[in-house]
Amino acid sequence: MGKRSVSTCRIKTDQSQETLTVAIKNSNQKYSRPFKLNVYDEDSKTKEKLPVYLNEERITEDIIGPSEEKEYKINVSNADRKVVFQIIQENSGGGMKMGVSKSSKHPTHVEFQMK
């Protein structure tokens, strides 16, 4: 069994929000990074996954190429206060550099970098 890396971040949501945009960038210039996404409402007892979309297609996993950046949309209309965002990498990568920064220009935009 190989190395498993689980990176977790909590993102505050606004009840008026329908979607949250998350940008993920692979900072490695040589290797692609396969990963699984797990997003759920922090207050949920069942931890039911929230829908994640890439180009309007619902996904649970993806592969991001070297130096590539992708934007994912998460339906947060049923989330109360915060969502838990997890990226799970099997056998690859050194985890994530996770930082939540919201600005007045992009209040629902969050960026992550893969090592």
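Before clicking, one definition you'll want throughout: a residue is buried under 20% relative accessible area, exposed over 50%, and partly exposed in between, using a 1.4 Å probe and protein chains only. This is a predicted model, in which local features need pLDDT of at least 70 and side-chain atom pairs count only at pLDDT 80 or more, while totals for chains, interfaces and linings use all residues. Residues are numbered from 1 along each chain as its sequence is written, and side-chain values use heavy atoms, with hydrogens and water left out.

**Stop 1: the whole thing**

Start by colouring by pLDDT, which is the predictor's confidence in each residue, from 0 to 100. The protein has a mean pLDDT of 82, with 77% of its residues at 70 or more.

Now colour by secondary structure. Helices (H or I, at least four residues) and strands (E, at least two) are DSSP runs, numbered from the N terminus. How many helices and strands are there in the protein? Zero helices and ten strands.

Of the 115 residues, 42% count as buried. The protein exposes about 7000 Å², with carbon and sulfur atoms supplying 43% of that; accessible areas come from the Shrake-Rupley method with a 1.4 Å probe, and for residues only the protein chains shown count as cover. Of the contacts with a separation of 6 or more, 75% are between residues 24 or more positions apart.

**Stop 2: the core**

Select Ile24, Leu37, Tyr72, Ile74, Val83 and Phe85 and show their side chains. These have the most contacts inside the largest nonpolar core, which has 20 residues. Strands giving two or more residues to this core include S1 (4–12), S2 (19–26), S3 (33–41), S7 (69–75) and S8 (82–90). A nonpolar core here is a set of buried Ala, Val, Leu, Ile, Met, Phe, Trp, Tyr and Cys residues joined through side-chain atoms within 4.5 Å. In soluble globular proteins, nonpolar side chains tend to be buried together.

**Stop 3: a four-strand sheet**

Next, select S1, S8, S3 and S6. They form an open sheet in the order S1-S8-S3-S6, with antiparallel pairing. S1 and S6 stand at the edges with a single partner strand each, so one side of each is left without a neighbour in the sheet. The twist averages 25° from one strand to the next, with axes as lines fitted to C-alpha atoms (for helices over the stretch in contact) and angles running from 0 to 180 degrees between N-to-C directions. Two strands count as paired if DSSP finds at least two bridges between them.

Zoom in on S3. Seven of its nine residues are buried, so S3 is largely enclosed by the rest of the structure. On one side, six bridges join S3 to S8 in antiparallel fashion; pick Asn38 and you'll find its bridge partner in S8, Gln86. S3 also pairs with S6, antiparallel again, over four bridges. There, Pro34 stands opposite Ile63, and Lys36 stands opposite Glu61.

Stay on Glu61, which lies in strand S6 (residues 61–64). Leaving out residues up to four places away in sequence, Glu61 touches Phe35, Lys36 and Leu37.

**Stop 4: S2 and S7**

Which is S2, largely enclosed or largely open? Six of its eight residues are buried, so S2 is largely enclosed by the rest of the structure. Seven bridges join S2 to S7, and the two run antiparallel. Click Lys25 in S2: it stands opposite Glu69 in S7. Lys25 counts as partly exposed, at 32% relative accessibility. Lys25 and Lys70 are 45 residues apart in sequence yet 6.5 Å apart in space, C-alpha to C-alpha.

**Stop 5: two loop residues**

Finish with backbone torsions. Most residues other than glycine have a negative phi, and most peptide bonds are trans. Select Lys47, in the loop between S3 and S4: its phi is positive, about 55°, although it is not a glycine. Lys47 is partly exposed, with a relative accessible area of 48%. Then jump to Glu56, in the loop between S4 and S5, where phi is near 65°, also a positive value in a residue other than glycine. Glu56 counts as exposed, at 78% relative accessibility.

Definitions and conventions: Contact = heavy atoms within 4.5 Å.
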